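Visitor: I am new to this structure and would like to learn how to read a sheet. Could you walk me through one?

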Amino acid sequence: MRFRFAFAGFDHWYNAFPTLESLLREDDVEVVALAHADPAQAADVAARYGRACSTSYDEIIERDDIDVVCCFTSTEQNAPLAIRALESGKHVMAIKPLALTLAEADTLTATVARTGRHYFPNDAARRFFPANVQFREWIDDGRIGDLISAHCVFRAGLPSAWPGSKEPGWFADPLCAPGGAFIDHAVYHIDVLRWLFGAGVASVTGTTANLRHKDIAVEDYGHGIFQFTNGCVGTIEDTWTSNPARMREAIEIVGTRGSLIMDSATGKMAITGDFGLPDWALLPPPRALNGLIRNVIATLKGDERPVSTAESARDNLAACLAFYESARTGQAVALEESPAT
């Protein structure tokens, strides 16, 4: 059984290019069409991959030989395009966040329910990071006791609108994205903490600033404190303040009997707890697997359930938007209790 994929948009090229390259390596996948609205960038895509790349998303939507549309447009285009793809009978794999507003996200999730198609959000990518997969197993085994808190950080550089560009383009345009540095990666961190904690977000207190890039229209620094429905606390710091190619991402999970840390600066896991070790131990993470795409394929085959859904992506967006409201008002913002899907 081979599943036919097509791409509508490469604006979010940081995710789109690796996703396309991963799909091209899969034996049970055929990539049948590529499209990108900007003609010069479409020509670049075609040259990169030796495949035709049109400039018409309508062609993708209207074709009847496509099972999954991969939407990697800028954020403001995603919900309308994904809705059209779902209504045309296609499944959708898409960028994060799923929409600019909760109203758009609610319309999208309603369309998923009405059409019976799958929506696979890229929000869930961190659930497949090898260290996080191992952490989930150790947490479930009780190796660090009851969960207390967590901290996630991603210090990245200012994104590029396209490879080789020195400008952030749509990434820093409030008309195209719900925010800047914080939501760019906090969507991942909120998702993975909801998954590891097994709880939804109850409230958030946030602050934003422009510490390095003072001339852009969105923040380059965000720090949030998230209260979860099970009593755990998570702090998330996401920025665009690093030098190019000097990014760092780390996660720490704290329990009553130990802690788990993964830091990209060292490439090692640091663990302490019920492991039969006298002190902290440094370990390499497990071997990386192409988990998200394999889950998409296994779901299409009927062998697995999707690891995440449009509803979960909607709740991730809600938590991020609550963060921005808190940053604007200086007050904690409560959310309606959501499941940890």
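Guide: Gladly! Two strands pair if DSSP finds at least two bridges between them. Strands (E, at least two residues) and helices (H or I, at least four) are DSSP runs, numbered from the N terminus. This is a predicted model, where local features need pLDDT of at least 70, side-chain atom pairs count only at pLDDT 80 or more, and totals for chains, interfaces and linings use all residues. Residues are numbered from 1 along each chain as its sequence is written, and side-chain values use heavy atoms, leaving out hydrogens and water.

Visitor: How many bridges join β7 to β8, and in which sense do the strands run?

Guide: Eight bridges link β7 (residues 201-209) with β8 (residues 221-228), and the two run antiparallel. As one example, A209 has Y221 in β8 as its bridge partner.

Visitor: Which strands make up the open sheet, and in what order?

Guide: Its nine strands follow the order β13-β12-β11-β10-β6-β9-β8-β7-β14, with mixed pairing. At the edges are β13 (281-283) and β14 (333-334), each pairing on one side only.

Visitor: What packs on this sheet?

Guide: Contact means heavy atoms within 4.5 Å. Angles run from 0 to 180 degrees between N-to-C directions, with axes fitted to C-alpha atoms, for helices over the stretch in contact. Helix α7 (residues 181-197) touches β6, β7, β8, β9 and β10, and its direction makes about 155 degrees with that of β9.

Visitor: What connects β10 to β11?

Guide: A hairpin does, through three residues. The two strands pair in the antiparallel sense over five bridges, and I251 stands opposite M262 in β11.
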